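Good morning, and thank you for the time. I would ask everyone to bring the model up on the screen, and I will then go through several of its parts in turn.

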Amino acid sequence: SGIVTILARALREETLSPGEIGALLAAGPRDRPALFAAADEMRRRHVGDDVHLRGIIEFSNYCRNNCLYCGLRRENRRVKRYRMEPVEITDAARQAVNMGFKTIVLQSGEDPYYNGDVLARIVSEIKELDAAVTLSVGDRRREEYELWRRAGADRYLLKHETADPELFARLRPGTTLSQRLKRLYWLRELGYQVGSGNMVGLPGQTTEILAADLLLLKELDVEMAGIGPFIPHPETPLGKCPPGDWQLSLKVLAVARLLLPKAHLPATTALGTVHPRGREMGLKCGANVVMPDATPLQYRAHYQIYPGKAGLEADTRRILAELHKMIHSLGRRVAADYGHTPKWENII
Ligand code: 5AD
Ligand code: SF4
């Protein structure tokens, strides 16, 4: 069929047209296994069998934004808001590094309480622990991004969320896609390894928009891309919308691997939330990263971007032991290095 031809071209690493990307995203049950196998082959060829574990510390759930899809939106009064003190953040990072994490991801809502200097100090303290640092704190001033990069931050995650400008503006009131993209270019200029990504199954999203998401990730030539299903949160305006489909999410992930052979692609927590074996399936459809929650237990339940988030009860060591087992059962191994972008590997 057409899909077989397109996959053969993808595996020869020829450029796919938007129409071909759309055809892959529309693959039915008979064609899906071939798509997933092609993505798995591309993953093995370009990034190998290593799975990178990134310990994520969600250090504040305050957010000045009001995104329609997110449980942390400022108008959600039912959230018990918390902010971790800088020393709590660095303590949590130290524990995560002692458990073996080689990357610490610092994530929060858009919380101006942590100004440029405060976050810069936290970054440099964590860098002294001998770990790579990824920041994911949203839209900030260029000067702040620059300060944090100088403090040692290696990577920055800023999802474009949706490549459709109208949908973006509707879902993220007061912000625009072009502002978001401008920031992604700043981060690139500042020498960050840049991560972006989008949700799958947003209300109003079409296959064309998903193809545009993938083409945008390719255009940005991102070092990382987080792709996961939309999950409705009852205390938001989208609370009654259906969740994103896990099979469609796997297809988007697989096509992302075909288009971005050397990108780091997480099997997202959202994927693990809509299906009990979601992360495992993600690792077989192109993903090579898992980001376990390393937030102190007393705060974890309050970081409810969406409901039902996997891994809320168990302590991080237990989650890690189970992940190691799962990864080995797939014939893969846990990476021992920092997991910087493999794009740099042959550049001396
Ligand atoms: N469902 C799935 N993912 C969500 N995110 C935010 N809200 C939701 C939701 N309801 C994702 C966004 C954001 C990241 C922190 O979580 O992609 O960038
Ligand atoms: Fe804030 Fe991010 Fe949630 Fe939007 S998605 S409300 S910016 S935490």
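Strand β5, helix α9 and strand β6 make a right-handed β-α-β unit; right-handed here means that, with the strands pointing away from the viewer, the path from the first strand over the helix to the second runs clockwise. Helices (H or I, at least four residues) and strands (E, at least two) are DSSP runs, numbered from the N terminus. The model is predicted, and local features need pLDDT of at least 70, side-chain atom pairs count only at pLDDT 80 or more, while totals for chains, interfaces and linings use all residues. Residues are numbered from 1 along each chain as its sequence is written, chains are lettered from A and ligands numbered from 1 in the order in which they are written, and side-chain values use heavy atoms, with hydrogens and water left out.

Within this unit, β5 covers residues 193-200 and pairs with β6 in the parallel sense over six bridges; two strands pair if DSSP finds at least two bridges between them. Asn198 has Ile227 of β6 as its bridge partner.

Is β6 largely enclosed or exposed? Six of the six residues of β6, residues 224-229, are buried, so the strand is largely enclosed by the rest of the structure. Buried means under 20% relative accessible area, exposed over 50%, and partly exposed in between, with a 1.4 Å probe and protein chains only. In a regular strand the side chains alternate between the two faces of the sheet. In β6 both faces are covered, with Met224, Gly226 and Gly228 buried on one side and Ala225, Ile227 and Pro229 buried on the other.

The loop between α9 and β6 holds Asp221. Phi of Asp221 is near 50°, a positive value in a residue other than glycine, and Asp221 is partly exposed at 39% relative accessibility. Asp130, in the loop between α5 and β3, also has a positive phi, near 70°, and is partly exposed at 42%.

I turn now to empty space. Rolling a probe the size of a water molecule over the atoms shows where empty space is left. On a 1 Å grid over the protein atoms alone, a cavity is a set of points where a 1.4 Å probe fits but cannot get out, a pocket is an open set with protein on both sides within 12 Å along at least five of seven lines, and lining residues have an atom within 4 Å of a point. Grid points are joined across faces, edges and corners, and a volume is the space filled by probe spheres set on the points.

The search finds one cavity of 30 Å³ or more. Among the residues lining the largest cavity are Asp139, Phe168 and Arg172, and helix α8 (residues 177-189) gives the most to this lining, with three residues.

The second largest pocket has a volume of about 210 Å³. Its lining has 16 residues, and Gln95, Ala294, Thr295, Pro296 and Leu297 lie nearest its centre. Helix α4 gives the most to that lining, with five residues.

Which residues surround ligand 2? They are Cys63, Asn65, Cys67, Tyr69, Cys70, Arg73, Gly109 and Arg172, where a residue is near a molecule if one of its heavy atoms lies within 4 Å of it.
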